[in-house]
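Please consider the structure shown below together with its sequence. The paragraphs after it lead from the overall fold to individual residues.

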Amino acid sequence: MDYKGSETLAGPRPEDMLPATAAAAVKVVVVGGFGVGKTTLVGAVSEIRPLTTEETMTQAGVGIDDLAGIEAKTTTTVAMDFGRISLNERLVLYLFGTPGQERFWFLWNGLFDGALGAVVLVDTRRLEVCFDVMGRLEDRGVPFVVAVNTFPESPAYSMDELRGALDLDESVPMVDCDARSRGSSRDVLMALMQYLYTLTTYRETQ
């Protein structure tokens, strides 16, 4: 058989291959309201080329998607974002970013399956959009940390003020975050892993 001229199927890029030393993989979801920076965080921290499902916003969202405070936003995630980061030689995190609009929340059920923990991204200009998000995590029993994404035009509040406004339990970690920064986003994930470790240790001693 003559294969001349046929296309060669390319395999994964070397940089996308799972490290040979990886011994454990953990699923983490990145959640939050519409436009808080979930796609940005996953893209900034992922060591592989991230998968995104961003589409240009259309008239279908007019009157449905709340653009207050984010009027310049022109794209939206319609399914999920996906990325991967190795926290060390043995531990790998698979990151799943959820769509923020309520009309896409039916997709959350599948994305939450098997998730060990979550990052809730918060925009201080629109704190109200994260209440339903945190409620869904609490209903499912998914531990989470809150990451306050620092937008240049966002009002500044102390962590105590934000914790009170969010009615957040003292045991839930809150951290500052610049979702555009790989280092800052990695620190958020490290905070989540530390929190999950603390919860596991506590349960084992009970």
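The account that follows treats the chain as a whole, then the sheet, its helices, and selected side chains.

The model is predicted, so that local features are reported at pLDDT of at least 70 and side-chain atom pairs at pLDDT 80 or more, while totals for chains, interfaces and linings use all residues. Residues are numbered from 1 along each chain as its sequence is written, and side-chain values use heavy atoms, with hydrogens and water left out.

The secondary structure of the chain comprises five helices and eight strands; helices (H or I, at least four residues) and strands (E, at least two) are DSSP runs numbered from the N terminus. Read from the N terminus, the elements follow the order β-α-β-β-β-β-α-β-α-β-α-β-α. Of the 206 residues in the chain, 44% are buried, where buried means under 20% relative accessible area, exposed means over 50%, and partly exposed lies in between (1.4 Å probe, protein chains only). The chain exposes about 11,400 Å², of which carbon and sulfur atoms supply 54%; these areas come from the Shrake-Rupley method with a 1.4 Å probe, and for residues only the protein chains shown count as cover. Among contacts with a separation of 6 or more, 74% involve residues 24 or more positions apart, a contact being heavy atoms within 4.5 Å.

The sheet comes next. Six strands form an open, mixed sheet in the order β4-β5-β1-β6-β7-β8; two strands pair if DSSP finds at least two bridges between them. Strands β4 (81-86) and β8 (174-177) stand at the edges with a single partner strand each, so one side of each has no neighbour in the sheet. On average, neighbouring strands of this sheet are turned by 25° against each other, direction ignored. Such angles run from 0 to 180 degrees between N-to-C directions, with axes fitted to C-alpha atoms, for helices over the stretch in contact.

Within the sheet, strand β1 (residues 24-32) pairs with strand β6 (residues 117-122) in the parallel sense over five bridges. Val 30 stands opposite Val 119 of β6, and Gly 32 has Leu 121 as its bridge partner in that strand. Strand β6 also runs parallel to β7, to which five bridges join it; here Val 122 stands opposite Val 148. In a regular strand the side chains alternate between the two faces of the sheet. In β6, Gly 117, Val 119 and Leu 121 point one way and Ala 118, Val 120 and Val 122 the other way, and all are buried.

Strand β4 is likewise a covered element: six of its six residues are buried. Asp 81, Gly 83 and Ile 85 lie on one side and Phe 82, Arg 84 and Ser 86 on the other. Strands β4 and β5 form a hairpin with four residues between them, and they pair in the antiparallel sense over six bridges. One of the residues in this pairing is Phe 82, whose bridge partner in β5 is Phe 96.

Helix α1 (residues 38-45) lies across β1, β4, β5 (91-97), β6 and β8, and runs at about 35° to β4. Helix α4 (residues 159-166) lies across β7 (144-149) and β8, running at about 115° to β8.

The structure holds two aromatic pairs; rings of Phe, Tyr and Trp (its six-membered ring) pair if their centres lie within 6.5 Å, and planes under 30 degrees apart count as stacked, over 60 as edge-to-face and the rest as tilted. Phe 82 and Tyr 94 form a stacked pair, 6.0 Å centre to centre with 20° between the planes. Because Phe 82 lies in strand β4 and Tyr 94 in strand β5, the pair ties together parts that are 12 residues apart in sequence. Tyr 94 is partly exposed, at 26% relative accessibility. Phe 82, Tyr 94 and Phe 96 form one aromatic cluster.

The charged end of Lys 27 sits over the ring of Phe 96, 4.8 Å from its centre; the criterion is NZ of Lys or CZ of Arg within 6 Å of the ring centre and within 35 degrees of the ring normal. Arg 125 lies over the face of Phe 151, at 4.4 Å from the ring centre.

Finally, Gly 37 is found in the loop between β1 and α1. Gly 37 is buried, with a relative accessible area of 13%. Leaving aside residues up to four places away in sequence, Gly 37 touches Leu 121, Asn 149 and Ala 179. The C-alpha atoms of Gly 37 and Asp 178 are separated by 9.1 Å, although these residues are 141 residues apart along the chain.
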